[in-house]
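Here's a quick tour for anyone about to look at this fold. Have the viewer open and follow along.

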Amino acid sequence: MTLASIIEPYVGKTGGLISALHAVQKEHGFLPEDTEAVAADVFNLTRAEVKGVISFYHDFKRAPQGETVVRVCAAEACQATGGRALVAALEKKFALKMGDTSASKDLTLEPVYCLGLCSCAPSAMVGDRLVARANADKIGAVVEKTKKERAS
Ligand code: FES
């Protein structure tokens, strides 16, 4: 499917641009480079307007993600309970900077802004698994479990 054919059905609908971007991301796993230009053309918007929407929502990805995505909460409660130290420990453990995907494409490390688990901070998410009172070893164990499950 072309980007235009994915995007066009959403023109004229309430929240159409956001829905169209979600549809593109669902199809490709991320928003390919020309998404801005195609969406701007189809919706008769400027590229800056489309770029503004894409950059406002953290859920939109500009590059392919790893098979396992580790999201670490960067919001207030988690920052106040060791969130920065957790990020440093994870970056060291996985040899990855926050926001990056490993060269082998098996892991992505990215920030998230509140997982609704503030009372058990610091919090993280590995794939669709929440990790409360997170530390690097706990997250590493969930990453390994997730990889084993995928391999079986
Ligand atoms: S602030 Fe981290 S889960 Fe809410």
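This is a predicted model: local features need pLDDT of at least 70, side-chain atom pairs count only at pLDDT 80 or more; totals for chains, interfaces and linings use all residues.

## The aromatic cluster

Phe60 belongs to one aromatic cluster with Phe56 and Tyr57. Searching the whole structure turns up 2 aromatic pairs. Phe56 and Tyr57 make an edge-to-face pair, with 5.0 Å centre to centre and 85° between the planes. Tyr57 and Phe60 have ring centres 6.1 Å apart and planes at 80°, so that pair is edge-to-face too.

Phe56 counts as exposed because its relative accessibility is 58%, while Tyr57, at 35%, counts as partly exposed.

## A lysine over a ring

Elsewhere, have a look at Tyr10. The charged end of Lys13 sits over the Tyr10 ring, 6.0 Å from its centre.

## The sheet and its helix

Now for the strands. There are 4 of them in an open sheet, ordered E2-E1-E3-E4, and the pairing is mixed. Which strands stand at the edges? Those are E2 (107-112) and E4 (129-131); each has a single partner strand, so one side of each is left without a neighbour in the sheet. From one strand to the next, the twist averages 20°.

Strands of a sheet pair through backbone hydrogen bonds, in either a parallel or an antiparallel way. Strand E1 (residues 68-73) goes with E2 in the parallel sense, over 6 bridges.

Helix H7 (residues 136-151) lies across E1, E2, E4 and strand E3 (124-126). Relative to E4, H7 runs at about 165°.

Which residues of helix H3 (residues 35-43) are buried? They are Thr35, Glu36, Ala39, Ala40, Val42 and Phe43. The spacing is worth a thought: an α-helix has 3.6 residues a turn, so residues three or four places apart point the same way.

What do those buried residues pack against? Their partners are helix H1 (3-7), helix H2 (16-28) and helix H4 (47-56). After H3 comes Asn44, with a positive phi near 55°.

Key: Residues are numbered from 1 along each chain as its sequence is written. Side-chain values use heavy atoms; hydrogens and water are left out. Rings of Phe, Tyr and Trp (its six-membered ring) pair if their centres lie within 6.5 Å; planes under 30 degrees apart count as stacked, over 60 as edge-to-face and the rest as tilted. Buried means under 20% relative accessible area, exposed over 50%, partly exposed in between (1.4 Å probe, protein chains only). A charge sits over a ring if NZ of Lys or CZ of Arg is within 6 Å of the ring centre and within 35 degrees of the ring normal. Two strands pair if DSSP finds at least two bridges between them. Helices (H or I, at least four residues) and strands (E, at least two) are DSSP runs, numbered from the N terminus. Axes are lines fitted to C-alpha atoms, for helices over the stretch in contact, and angles run from 0 to 180 degrees between N-to-C directions. Contact means heavy atoms within 4.5 Å.
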